[in-house]
Every structure is written in structure tokens, then in C-alpha cells.
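This report sets out the architecture of one protein model and then turns to selected local features. Please keep the sequence and the coordinates in view while reading.

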Amino acid sequence: MASIKVYNSLKPGAAVPFVPREEGKVAWYACGPTVYDQSHLGHARNYVSTDIIRRILLHYFGFKVNFVMNITDVDDKIIIKARRKRLFILEKEKTYTPEQSHKLGTEAFVAYAKSNLPLLVPEDGTTLDENNYTGRRDAAYGRVLAGGTLSGEGKPGDGEAKLKMHLTNMDAAAQGLKSGNVLDGAEEILLPYLDSLYKETIDTSDQTMFTDLTQFMEKEFTDDMDALNVLRPDVVTRVTEYVPQIVTFVEQIVNKGFAYEAEGSVYFDIASFEKAGNTYARLRPESRNDKALQEEGEGSLSKGAGGKRRPGDFALWKQSKPGEPYWPSPWGNGRPGWHIECSVMASDKLGEQMDIHSGGIDLAFPHHDNELAQSEAFFCQHDKGEHTWVKYFLHMGHLSIAGSKMSKSLKNFQTIKDALATTYSARNMRIVFLMGRWNEGVEISEEMRRQADSWEATLDNFFTNIKSRLAAAGVTNGLKALSLTEDTPAGDLTVELQQAKKDLETALSNSFDTPAVMRLIQQLVRDANIYMDKSDADLQAVEVVARWVTKIVGILGLDADAQPPYDGLGWSSATAIADSRVYAAVLAKVQEDVLALNLSEPSIKALLDQSPQSEVAELEKSGERDPEKLALPYVRAVSRIRDELRRIVSSLTPDVKKLVLALSDRIRDYDLADLGVQLDDQADKPSLIKFVPAAKLIAAREEKAALVAEKARQKEEARKAKEKADQEKWEKAKLAPQDMFKEDKKYQEWDADGIPTKLADGSDLPKSQQKKLKKDWDRQKKLHQEYQTKFGTGA
């Protein structure tokens with residue numbers, strides 16, 4: 001097995017050798033989602049990158065990977081969202097007069113501003129309302145809205161993104177207050193206000209308000225991961241299924257002297273842990289006193305909680321307040337702290353040590369550092385030194401938008417569902433992530449998107465071309481399955497493929513360097529394309545390259561329909577229709593239309609007498625299920641008829657020739673294109689048959705038609721413009737030069753040719769003006785003569 005090195009957050013710096021506890025096996029725990037909202041592209045970045053590494057370990061290096069992922073279904077965010085949703089429903093059931101509704105909305109409006117946008121509420125005591133809001137907003141936060149920072153210095157970041165989110169909520173609320181649609185228009189500002197008023201009145205003995213939300217969002221998350229072709233975990237754990245074990249785990253830490261109870265909650269004692277010779281904040285020691293991160297890690301519902309011995313001590317068990325879910329414990333009714341959840345579930349499934357723990361980089365501190373501390377506190381033995389709970393910590397880099405990380409809390413995200421519906425395919429999104437290192441931040445740019453599109457198109461065209469060339473050459477079954485390293489083609493491609501295999505091994509062993517992998521695949525495909533265009537190219541040599549590339553893109557998860565060991569040719573592209581009868585119907589239609597032409601050529605009659613049905617029946621009998629292979633006999637028959645029509649067309653009469661050419665174009669541009677079949681005409685050779693997504697061919701056809709229509713429109717406009725110009729020209733030309741100045745009141749005398757000699761005031765015409773008028777007269781004389789020549793002197 002290759003010597004792999006990985007970037008390990010526990011050992012910052014260069015990549016370190018990857019040596020799992022048990023040779024050939026990997027125990028892996030991944031932090032899963034907190035299921036309170038739809039998953040976004042930031043989550044896709046994390047889970048797709050994780051999936052890529054997992055697939056490489058499984059299907060390239062051959063490890064047996066036990067992959068465990070949790071679902072966090074108990075958390076402050078979940079509690080707040082579910083509770084607010086319940087309170088909002090109850091509020092909408094109340095009967096309000098317009099005045100009462102407006103009063104409620106205004107109170108929430110001001111409360112939201114005080115909490116999140118304090119510059120809107122000046123100290124002079126003047127009231128904020130929907131009418132003066134816009135002016136105050138622009139005065140206080142205009143720089144932020146214009147894309148700058150609040151201070152006017154530096155670049156905007158998460159703080160500015162959060163301000164924009166709050167301003168968006170206030171904009172909608174102000175509009176709702178103006179229109180009288182308070183409950184719907186001002187929902188985002190009403191939710192926290194209603195929560196502040198009524199949260200303690202909610203009966204949480206029935207936890208369905210929380211589980212309804214989490215179960216729905218877990219299903220949404222799973223659907224998103226399936227859509228992204230992310231392998232499902234081997235084991236999924238949920239916090240709600242682990243509460244008794246969590247209580248026991250916390251008790252053990254308390255009994256060891258590394259935690260203490262205070263006011264019904266239990267906190268981890270960092271000082272005692274370190275005094276015993278353990279290290280705290282091993283991942284991010286520089287962040288251990290970061291108050292903002294500590295508070296974020298404790299959750300918004302724990303602000304102001306008392307009893308901590310030191311600010312950095314974190315909750316293992318939280319006393320539940322009114323309006324929060326609760327479970328029994330030795331310390332009273334409460335709920336788990338966020339960090340302890342992962343420690344218990346991971347340890348239950350993987351034991352006292354795991355090979356890999358992974359998650360987003362934003363979880364490093366405090367979540368993962370606290371996980372490490374409490375888990376090592378649980379497993380440590382005082383006389384044996386520090387316990388190693390995780391050997392390798394892998395942190396996936398952020399996905400950023402305009403300098404801010406994509407975040408649910410900032411509401412600056414595009415959901416995975418929306419992205420797949422409007423912007424990306426699952427393959428294209430994965431390509432974008434593959435083009436960046438998994439442990440580095442990614443800010444998606446237009447240039448990155450273009451590179452990803454180009455890479456995908458390069459491979460798509462390569463696979464389509466080699467399959468069409470092999471089909472044209474009569475190679476239907478292809479070669480034997482390939483190994484990753486041994487099979488090599490003969491001839492010019494040998495060196496390139498061998499080097500690509502070596503470079504791939506080097507790249508994947510270097511902490512899964514997928515950008516290098518993407519570059520080497522693209523270069524190999526370019527080399528293969530150049531070779532394939534040679535007149536003496538060995539197609540089977542190109543096929544060996546194509547099958548090796550197919551195997552690698554399969555390993556990377558770029559083909560949702562492929563399964564290990566990825567021995568196919570090309571990736572799925574949703575091209576051929578599964579029901580081959582649609583191709584048979586096109587063949588029948590083409591045969592009927594050709595018969596109607598009454599052509600006498602024997603070659604045409606012979607082709608019309610041939611039927612591919614027996615060939616298709618044999619394929620089906622053999623168990624063939626590939627739609628392209630089942631469609632090909634029918635498509636080949638249509639293509640051969642069309643090729644022969646094109647060959648004989650020059651010998652036909654003009655009328656028949658016109659009909660044949662029209663039929664030939666229809667077959668290519670409509671009959672086959674609508675089924676996702678592209679015919680590439682070749683001089684003195686049969687047309688190449690390519691299976692391409694029908695939508696792509698139809699779009700190209702419509703674009704071509706639009707260009708033709710636009711060209712015709714421009715031509716017609718030019719014709720009309722010329723016609724109008726000609727009309728104006730000849731209308732002007734009717735006038736004899738002797739009469740052109742006679743009606744002009746600026747003059748009172750003219751010579752024999754009608755050229756003015758005196759102005760209206762009786763003065764002589766200036767010589768300079770005489771010269772100009774003479775030139776105008778000469779031009780009109782010439783134009784009038786043209787008119788008389790064209791239309792006659794009597795016109």
C-alpha cells in the first residue's frame with residue numbers, strides 16, 4: 001500500500017504519514033449536520049470534500065473504512081427555531097384589530113433594531129417607525145449597504161454580512177407595517193420578539209415540536225446528500241437516542257475530577273484537566289480565550305448562565321429552562337451540551353481511539369477542542385499520561401461568498417436544492433470542489449466556474465468521441481477490465497498514460513491533492529485527443545486511456561450511476577432513452593419517408609430491407625441493459641440510410657434532390673437530435689454517431705435557428721432601409737436644378753440656371769455662398785439626370 005501523507009490539524013505544518021491503528025482499516029467519525037434548516041453550498045463543500053477523501057481511501061487505496069456520522073438533533077438553534085415556529089402559529093390564530101396588529105409589529109420592529117441595529121435607535125429618545133426607518137438606515141448603515149464596512153476601513157466580512165441580513169429583515173418588516181400585512185411581512189422580526197414574550201409558556205414535555213422539525217430536516221439533508229452522490233455513512237447516530245449514555249459519560253468525567261456541577265448544569269473543569277498533565281485547545285491554542293467563540297460554542301440559550309468557575313469552562317450538561325426540552329439526570333432535568341454529544345456517540349461506535357475525525361474548519365474551536373478534552377478526560381488513566389482520542393483531525397476549508405463564509409446564521413447562503421435546480425449539476429459542483437484543496441478555503445468565482453465547465457466538457461467530449469469512433473469501427477464489447485496501474489496501450493500513448501498513473505499515485509498520496517489529479521487527467525485526455533485525430537490511430541489504445549480515466553472519475557464520485565470497480569467506458573450523461581422502441585419508431589418513420597420518394601437506387605432499397613431487430617433481440621437475450629448499446633442498432637440503420645441519401649443526391653433531379661436534402665437535414669436535426677443522438681458528417685466516411693443530452697442538441701438547434709432568424713431580420717431591415725433611402729433619393733431627384741432655390745424666401749433674384757444672385761434684402765449674394773450653392777446645384781443636376789435616365793423625361 002502506498003505511503004500516504006495527510007494534513008493533520010493536530011500537527012500543523014507539513015503533511016504527516018498516515019498510519020491507521022489497524023493496517024488496511026480506517027475508523028472515521030464525521031461531524032454531521034445540526035438539523036434545523038435547509039443545507040446550503042457550505043455544507044455541500046464540507047460533505048462532498050469528505051466524501052471524495054473517503055472514496056479515495058476506499059476505492060483507490062483499498063482501505064476498509066468504517067464511517068460514522070452523527071445527526072445533532074438537540075441544540076440551541078433547534079430549540080429556538082421550533083419554539084418560535086410554534087409561537088408564531090399560535091400568534092396567527094389570535095384575533096387582532098389593525099391597530100393592535102400594527103402596535104405589535106412596531107414593538108417588535110423597535111426591539112429588533114435595539115438588539116441588532118442599535119444605530120437606528122438614537123439616544124435622543126425619538127421613536128423608530130416604518131416611516132423614518134429608511135432615512136435612518138441609509139444614514140447609519142449606508143456604507144455597509146454600498147458594499148463597504150461600517151467603519152469605512154478595510155474589507156467587509158462576517159460582521160457586515162450579518163448587518164445586511166438584519167437590514168433585509170427590517171426592510172421587509174417596514175414594508176409589512178406600511179401595507180398592514182404585519183404577521184407575514186414582519187415575520188423575521190416578530191419571531192424573536194414573540195419568543196422573548198412567551199417562550200416560558202411553551203409546554204416542552206411533548207417534544208414533538210422539536211422532533212417534527214429535526215426529522216423533517218434530517219430527511220431533507222439525506223436527500224441533498226443523495227443528490228450530490230455522497231456515499232451514505234456506514235453508521236448514523238442521533239443525540240436523542242444517546243441521552244442516557246451521555247449522562248453516564250458526564251458522570252464519569254465528574255467522578256474523575258474533571259467536571260463540576262453548578263446550578264443544575266455540569267461544566268468541564270479546564271484547570272483540573274490541565275493540572276493533571278493534559279493539554280487543552282490542542283487544535284487552536286491561540287483561540288482558547290476567545291470570548292466570542294466560547295459564547296458561540298455554548299449556544300445563545302446559555303448566555304448569562306451562572307456557576308462557572310472560569311469563563312472558558314464549557315457545559316457538558318445544561319439545566320433546562322422553561323420552554324426547553326429536558327431529560328432526567330442526577331443534576332435535575334436538563335439536556336446535553338453540544339460538544340459532549342459527539343464525544344459519546346463517536347466513542348460508543350469507535351472506542352477509545354479513532355483514526356480520523358473530520359468536520360468543517362469552523363468547528364475546530366471550541367467544538368473539536370472541547371470534544372478532545374472531554375473525551376481524553378473520560379479515557380485517560382492518571383498514571384499513563386495523555387490519552388490520544390483522535391489520531392488525525394481533518395478540517396474542510398470554508399466556502400466563501402464575497403469574503404464571508406457561507407452560513408445559515410448569516411443567511412447569505414444558497415441551498416443545495418436551489419443550487420442543483422438553478423446553477424449546478426451534482427457533477428459540476430463536485431468538479432468545482434475537486435479543483436481546490438480540501439483543507440483550503442474556496443471562494444467560488446466566475447473563473448473557477450469556467451474552468452470547471454471546461455474540464456467537464458473536455459471529458460464529456462472525449463468519452464463521446466471515443467465511443468462513437470469505436471462504434472463506427474464495429475468495436476462493441478470493448479476491452480477487458482483494467483487495473484489501475486498495469487494495463488497500458490501500445491504506441492504513442494504509452495508514455496503519457498504511464499506517467500499519468502505515477503503522477504496520480506503521487507498526488508493522491510500527498511494528502512489527496514485533487515487539483516493535481518484534475519490537471520493530469522485533463523492533460524492526458526488532451527494527449528489522447530491529439531493521438532485519436534491521427535489517421536493511423538489505434539482506437540483500442542485510446543480506449544485503454546478512456547477506461548482508465550473512467551475508473552478515476554468513478555473513484556472521485558463524478559459518475560452517480562457507476563459502481564466499483566468502475567470498469568465502464570465513460571460516465572453517465574442521461575443521454576440514451578431506456579426504451580429502445582422510440583429509436584425503432586424513428587427508423588420506421590425514416591424508412592416510410594424514403595419509400596415515399598420512389599428512389600430507384602439499389603443501394604437505398606437494400607438498406608430499407610435491412611432490420612436491426614434481430615441484433616437488438618440478441619443483445620436483450622444476453623442481458624444487455626445499456627440504453628446506448630440497445631439503441632445503437634436502430635440509430636446506425638438510420639444513419640446508414642441518411643449517409644447513402646447524401647451520397648446519391650448529386651445524381652438526382654433538382655426536385656427530388658431538394659426533397660432528399662430536406663429529409664437528410666430533418667433526420668439529423670430533429671428525428672435523432674430530439675432523442676439525444678448527434679450525427680457528425682464526415683467526408684467520404686460514415687457519419688459518426690454520438691449520444692449527447694437531447695437538451696444540449698435542442699438548445700444548439702434553437703440557437704442556430706435564432707441566429708438564422710436574426711440574420712434574416714437584419715437582411716429584411718437592410719432591404720427596407722435601402723428601399724426607403726431609394727424612395728427619398730428619387731423623390732428628391734424629381735426636382736429640376738433650375739427650380740431648387742426658387743421657393744426659398746432668403747433670395748429675390750436668380751440667374752438663368754436658377755442659382756440665386758441677390759438676397760431677400762436686395763444685397764448681392766456673397767461669393768463664398770455662391771460657390772456653395774453652385775456645388776449643391778451641380779449635385780442636383782446630376783441626380784435629376786439620373787432620374788430622367790431611369791424614369792424618362794416625362795416622369
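## Basis and overall architecture

In the protein, 71% of the contacts with a separation of 6 or more are between residues 24 or more positions apart, a contact being heavy atoms within 4.5 Å. The model is predicted, so that local features need pLDDT of at least 70 and side-chain atom pairs count only at pLDDT 80 or more, whereas totals for chains, interfaces and linings use all residues. Residues are numbered from 1 along each chain as its sequence is written, and side-chain values use heavy atoms, with hydrogens and water left out.

The secondary structure comprises 26 helices and 18 strands; these are DSSP runs numbered from the N terminus, with helices (H or I) of at least four residues and strands (E) of at least two. The C-alpha trace spans about 120 × 90 × 55 Å along its principal axes.

## Surface and charge

Of the 795 residues, 47% count as buried, where buried means under 20% relative accessible area, exposed over 50%, and partly exposed in between (1.4 Å probe, protein chains only). The accessible surface comes to about 38700 Å², and carbon and sulfur atoms contribute 50% of this area. Such areas come from the Shrake-Rupley method with a 1.4 Å probe; for residues, only the protein chains shown count as cover.

The protein carries 107 positive and 121 negative charges, whose mean positions are 4 Å apart. Lys and Arg count as positive and Asp and Glu as negative, while His and the chain ends are not counted; each charge is placed at NZ of Lys, CZ of Arg, CG of Asp or CD of Glu.

## Annotated coiled-coil region

An unreviewed UniProt entry places a "coiled-coil region" at residues 697-733. UniProt positions are given in the numbering used here, feature names are shortened, and annotations may be inferred rather than shown by experiment. In the model, residues 697-733 are 100% helix and 0% strand, and the end C-alpha atoms of the span lie 53 Å apart.

Pro33 occupies the loop between strand 3 (25-30) and helix 1 and is buried, with a relative accessible area of 6%. Beyond its neighbours within four places in sequence, Pro33 is in contact with Tyr47, Met69, Asn70, Ile71, Thr72 and Phe221.

Arg55 belongs to helix 1 (residues 41-60) and is buried at a relative accessible area of 4%. Apart from residues up to four places away in sequence, Arg55 touches several residues, including Asn229, Arg430, Leu556 and Tyr566.

## Backbone geometry

Most residues other than glycine have a negative phi, and most peptide bonds are trans. Tyr566, in the loop between helix 19 and helix 20, has a positive phi of about 60° and counts as buried at 4% relative accessibility. Phe512, in the loop between helix 17 (493-509) and helix 18 (514-532), has phi near 55° and is buried, with a relative accessible area of 2%.

A cis peptide bond joins Pro564 and Pro565, with omega about 10°; Pro565 is found in the loop between helix 19 (539-555) and helix 20 (581-595). Another cis peptide bond joins Phe365 and Pro366, with omega about 5°, and Pro366 lies in helix 13 (residues 364-379).
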